[in-house]
Amino acid sequence: PIPQTIAVDGPAASGKSTIAELLAQSLGYLYFDTGVMYRAVTLAALRQLQAVTDERAVTHLAETVHIDVREASQDDGRKSDVLLDGVDITWEIRAPEVDANVSVVSAYPGVRVAMTEQQRRIGKRGRVVMVGRDIGTVVLPDADLKVYMDASVEERARRRFDEVRQRGEAADYEAILASMRRRDEIDSTRKVAPLRPADDAVIVSTDGLSIEQVLEKIQALVKAR
Ligand code: C5P
């Protein structure tokens with residue numbers, strides 16, 4: 001049988017969201033990127049608290065803000081619409097300040113509890129490709145297929161650099177590389193739900209591969225189940 005729940009994990013810019021979206025499209029499944037939820041809480045904290053250092057206040061925010069992720073309503077390169085208390089924040093959550101602070105926010109255990117609960121509810125319905133850092137290990141440990149995508153940090157920074165430039169924004173490769181290294185470090189060494197492949201995940205290295213090649217590999221895994 002074709003897997004009903006598919007978990008895709010991996011570090012920043014490993015290509016996981018692009019691939020997962022295409023995979024979900026080809027299967028007619030929901031594509032759900034959990035990273036946007038941590039980004040939305042981070043943006044809310046930066047706006048309302050001016051910082052992310054007060055763990056109690058940030059956790060309270062995570063428990064009370066309303067985050068909505070919906071099918072993309074516009075054709076401007078977005079993969080979904082992200083709403084924070086009803087207001088569209090799809091592009092705001094990609095800002096460098098959010099990149100720089102999101103790993104601190106997502107390391108707070110109470111924030112993770114609040115986000116994980118919502119993600120499990122969505123996962124339970126099935127026919128979903130869920131993307132993040134801890135989907136195969138914590139959020140959906142019973143997922144039918146777990147994929148862990150990886151690539152060298154230099155290649156990932158180059159992809160992010162190209163993405164930012166394509167949006168017509170100024171980009172600094174060295175700054176992106178440094179920010180990504182720091183985020184990888186915090187994400188993989190945190191106490192709760194660190195970034196790591198689940199024991200039963202299939203590891204897919206995307207270094208030097210095109211999107212089509214990676215997608216083919218993963219579609220073969222789906223068929224092989
Ligand atoms: O995937 P993306 O780069 O948008 O994720 C942003 C950040 O959100 C990650 O660096 C990580 O700190 C956090 N995150 C997480 N668990 C997830 C998804 C994202 O901790 N399942």
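Helix 1 (residues 16-27) lies across strand 1, strand 2, strand 6 and strand 7 (145-150), contact meaning heavy atoms within 4.5 Å. Helix 1 runs at about 175° to strand 6; axes are lines fitted to C-alpha atoms, for helices over the stretch in contact, and angles run from 0 to 180 degrees between N-to-C directions. Helices (H or I, at least four residues) and strands (E, at least two) are DSSP runs, numbered from the N terminus. The model is predicted: local features need pLDDT of at least 70 and side-chain atom pairs count only at pLDDT 80 or more, whereas totals for chains, interfaces and linings use all residues. Residues are numbered from 1 along each chain as its sequence is written, and side-chain values use heavy atoms, with hydrogens and water left out.

The strands under helix 1 belong to an open sheet of five strands with parallel pairing, in the order 2-6-1-7-8. Two strands pair if DSSP finds at least two bridges between them. Strand 2 (30-33) and strand 8 (202-205) are at the edges, each with a single partner strand, so one side of each is left without a neighbour in the sheet. On average, neighbouring strands of this sheet are turned by 20° against each other, direction ignored. Strand 1 (residues 5-9) and strand 6 (residues 128-132) run parallel and are joined by five bridges; valine 8 stands opposite valine 131 in strand 6.

A further open sheet consists of three strands in the order 3-4-5, with antiparallel pairing. Its edge strands, strand 3 (67-71) and strand 5 (87-88), each pair on one side only. Five bridges connect strand 3 with strand 4 (residues 80-84) in the antiparallel sense, and isoleucine 67 has leucine 84 of strand 4 as its bridge partner. Helix 2 (residues 35-48) packs on this sheet, touching strand 3 and strand 4, and its direction makes about 135° with that of strand 3.

Helix 2 also meets helix 4 (residues 96-106): their axes come within 9 Å and cross at roughly 105°. Helix 2 is therefore roughly perpendicular to helix 4, a class that covers 65 to 115 degrees. Residues in this contact include Tyr38, Val41 and Leu46 of helix 2 and Val98, Asp99 and Val105 of helix 4. By class, the contact has seven nonpolar, three polar and three charged residues (Ala, Val, Leu, Ile, Met, Phe, Trp, Tyr, Cys and Pro count as nonpolar, Asp, Glu, Lys and Arg as charged, and the others, Gly among them, as polar).

The whole structure holds 16 salt bridges, defined by a side-chain nitrogen of Lys or Arg within 4 Å of a carboxyl oxygen of Asp or Glu. Aspartate 99 and arginine 183 meet in a salt bridge with an N to O distance of 3.9 Å. This pair links helix 4 to helix 8 (residues 173-189), the two residues being 84 residues apart.

Note on methods: Parallel < 35°, antiparallel > 145°, perpendicular 65-115°, else oblique.
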